Amino acid sequence: MLRGKCKVDLCLQMDPVLAEMGDHLSDAMKILENDQSETAQNREQRRFSWRDIPGPLQGDGQDVVTILQLVQNLIHDEEDKPLNRMQCVGEQGHVALLGHSLAAYISMLDRDRLRKFTTRVLSDTTLWLCRLFRYESGSVYFHDDDREGLLKVCRLVLNARYEDYSTEGFSVLSFRQPVIYHSAACRPGLGQHLCSQLGLPLSTLCCVPCNTMFGSQHQMDVALLDKLMKDDVESGKLPVLLIANAGTPGAGHTDKLGRLKELCVQYNVWLHVEGVNLATLTLSPVSSTIAAATKSDSMTLTPGPWLGLPAVPAATLYRHEDPALSLAAGLTSSQPVEKLRALPLWLSLQYLGHDGIVERIRHASQLSQHLLHQLKTLTSIKTSDILDSEVSLLEALSMGVVSHTRVPPISGGSLRDVLGSLILSIVEDDLSSPVVVFRFSPDSSSGSSGGSVEGYSTGEREIQDALNRWLGERLAQLVPASGVELVELEDEGVCIRFSPIMTAAALGTHEADVVALVQKLMELIPSLSCTLRFRQDFREEVFQHAVLSYVEDLNWAGLGAVRYEPRRTDLDEGKRQQQMEKINGDLLKKLKELETDLEFSTGPEFGEERNCVFIGMVPEDIDVAVLVETIASIGRELEESGKLLENMTEVVRKGILEAEQQLRIANEEKLIEEGVLRQIPLVGSVLNWFSPFQSSVKGRTFNLAAGSLDTTEPIYSLKAQSSREDISESPTSTGKRLQGQRAFRRSAPFIDSFSETSSVCHLDESYRDTAPPPGEREEGDTAEVPQASPLAEPPAEVSQEEEASAWTVQRVPEGEEAEEPASIR
């Protein structure tokens, strides 16, 4: 499992217990990670196993393998998708897990040996982190919650600025209220968490807006912060802490840390920095914006996700000369067991080495730069730095903030190129951020192929947010190794974020994954553009049909939603709602059965709109008019079939009563014709044997479509006629829809789907084409039933009732001229 420097034989020479612990950990990880060993049958049996039901603790206990198998069953559920599977733990992850086991084992040592061991681990880890992240003369506090370090630092600042805070508590704060400043782009709820844990009022917080005139839209406004601090000092308040970002949680932008440090020195304010961009401090050269973080009073690092180390604590580096105040704030502890938190990180840093750590951070940064370079070539994709810089630059130029001496000479080229070169000359190196945030934003000036964009302004922001939300979910599903996720920014809206420093080490992201991500993005962009263009056309087409109503849902990523409105006005509101629900449900089923690339659904799971059909993304050659017409026609057919079923109930009831009446009359006639003697069982059979009786009573058939009772005589005459025909010439049924055709495409004409009863018209046409005129028929001929067309032929074997409802044959005696051709119905 480990490399040569960690071989098991070396461990055996030092401590057999450590070697055995490593072996047990290796075996346990093999059991937990081998989730493919179970078959589908075993998972189905385990699904209904009693072992999954909570119960009392067994008295005799269980072996380790059984317990680990139970853990595996709980981790890898049978309903888990491949996307939700546990991430693969690499060798560095095994070392970190081994550190947790060693921490529990080492905690059992005697106090002196434990103190000596923890002191060495803590001093080594502190030295390595300070050198890696260029933080000179710093101390380290390890914590599991990444907010806990800032909490301890804030308590340290209060103890340092208020002399009697440790003894008097919050009462000393009433004389000069402390003020904690944080950016509007910081983590949501961070300031509220500090106040709740420290017992401070929410008025202690001061949210500093980001730039709105010049620079990034996600950077703290330094000039406004200066004014706020000055006003607080003049009003008798005490500024104590400023929380800055080296990589905002949303867009990954970095505040102007150099200017912020100058303000903090001026007003004697503690500067704390946090963010994902602090990982780039290990690289060389370092961006000047990020390098300013090394001058801060404290900063929080999260090496676990940066290096792919599971359950590794976060680290807060800080500088303070009074160890008593650090102990009072909880940044240091006199308990040696507390210092064992650094053991997993201590092992992992040694395993990776300096070069391994730098290589992982550099690899993640290169992935970001590669993706950013590819996104620049896509006109429909905008990155957050371009949006922010272009908007801020235009505002600055309009207000005369930018000096003309800093504007590069214009030597020809597009406005985009000119603005790009100007941005690079005046915007501090914000493009070095390892976080890439992009958004689908189509160019409205580009020509459309059939769609219209005029009048498309209402709710454009919400519609584009829905499309970007769909795009982000699709990219995460198609390329799970990329680690892309959705983020909602205040100014830009819903965007897609690619932060490989936080995900690449755990997911194993490589350059091929970035290439696949760009490829999938290029495949999805045409569908997004077409859907956005055709939304207005779809709405206008729906308004042209009285039976359809357009459903406005700006949060739906697709063509739109439509509802079929029943035309009946004789129903109350409750029954009308039930009918509308049934028709739209059947309409959705019918649309899903069509051979098309479109996706039809009931809409969002927790959406407000019900009883309507939502249409997803559409291709470029979609015919919106045909699509809407098809929806309307299917809805009308469903409504008419519903009316037919309602009327059929009364028709069937009357038909049954009439059939009973005619059967009773037929039985009476039969009794009169046969006589009373033939009704006696023994006597009747003897009479029928000597003198057979041919009854004149005919059968009856119920025509469901006409609602009437008819005689069965035409059926028997049809049987007699068809018995003389060659069976081999009888056609077979091939009434199927042509395969390989897609509906709603503009390239091919739309073909209405045939109903089950549409074969009648084809039979009529076939008969009219093949039957000779009455005058040309020779004597002795009999009018024959023509063969049906191959598109809709009757089945070879049908019941008598079906034949009676479809055929009526008139026999022409020999020597007589036929008056009319055989009628077919």
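Analyst: A definition comes first: the axis of a helix is a line fitted to its C-alpha atoms over the stretch in contact, and angles between axes run from 0 to 180 degrees between N-to-C directions. The model is a predicted one. On that basis, the axes of helix α6 (residues 111–132) and helix α15 (residues 343–375) cross at roughly 35 degrees and come within 10 Å. The crossing of α6 past α15 is left-handed.

User: What makes the residues between α6 and α15 a contact, and how do they divide by class?

Analyst: Contact requires heavy atoms within 4.5 Å. On the α6 side the contact is made by Phe117, Val121, Asp124, Thr125, Trp128, Leu129 and Leu132, and on the α15 side by Leu343, Leu345, Trp346, Leu349, Gln350, His354 and Ile357. By class, 10 of the residues are nonpolar, three are polar and one is charged.

User: How is the packing of α15 with α19 described?

Analyst: Two packed helices are described by the angle between their axes and the distance between the axes. For α15 and helix α19 (residues 500–507) the angle is about 115 degrees and the axes are 9 Å apart. This crossing of α15 and α19 is right-handed. Ala364, Ser365, Leu367 and Ser368 of α15 meet Pro500, Ile501 and Ala504 of α19. The contact of α15 with α19 has five nonpolar residues, two polar residues and no charged residues.

User: Why is strand β7 called largely enclosed?

Analyst: A residue is buried when its relative accessible area is under 20%. Five of the five residues of β7 (residues 314–318) are buried, and the strand is therefore largely enclosed by the rest of the structure. In a regular strand the side chains alternate between the two faces of the sheet. In β7, Ala314, Thr316 and Tyr318 lie on one side, with Ala315 and Leu317 on the other, and all are buried, so that both faces are covered.

User: Which strands pair with β7, and how many bridges join them?

Analyst: Pairing requires at least two bridges between two strands. Strand β1 (residues 139–143) has five bridges with β7, in the antiparallel sense, and strand β6 (residues 298–301) has four, also antiparallel. Tyr141 stands opposite Thr316 of β7, while the bridge partner of Met299 is Leu317.

User: Why are β8 and β10 said to stand at the edges of their sheet?

Analyst: The sheet is open and has four strands in the order β8-β9-β11-β10, with antiparallel pairing. β8 (381–383) and β10 (485–489) each have a single partner strand, so one side of each lacks a neighbour in the sheet. The twist from one strand to the next averages 40 degrees. Strand β9 (residues 436–440) and strand β11 (residues 493–498) run antiparallel and are joined by three bridges, with Phe438 bridged to Ile496 in β11.

User: Which helices lie across β8, β9 and β11?

Analyst: α15 lies across these strands at about 25 degrees to β9, and α20 likewise runs at about 25 degrees to β9.

User: Which residues of α9 are buried, and what covers them?

Analyst: In helix α9 (residues 190–198), the residues under the 20% cut-off are Leu190, Gly191, His193, Leu194, Cys195 and Leu198. Their cover includes α7 (148–161), α8 (165–168), β3 (205–208), β4 (238–245) and β5 (270–274). Just after α9, Gly199 takes a positive phi of about 75 degrees.

Notes
Residues are numbered from 1 along each chain as its sequence is written. This is a predicted model: local features need pLDDT of at least 70, side-chain atom pairs count only at pLDDT 80 or more; totals for chains, interfaces and linings use all residues. Side-chain values use heavy atoms; hydrogens and water are left out. Helices (H or I, at least four residues) and strands (E, at least two) are DSSP runs, numbered from the N terminus. A crossing is left-handed if the near helix is turned anticlockwise from the far one by less than a right angle, and right-handed if clockwise. Ala, Val, Leu, Ile, Met, Phe, Trp, Tyr, Cys and Pro count as nonpolar, Asp, Glu, Lys and Arg as charged, and the others, Gly among them, as polar. Buried means under 20% relative accessible area, exposed over 50%, partly exposed in between (1.4 Å probe, protein chains only).
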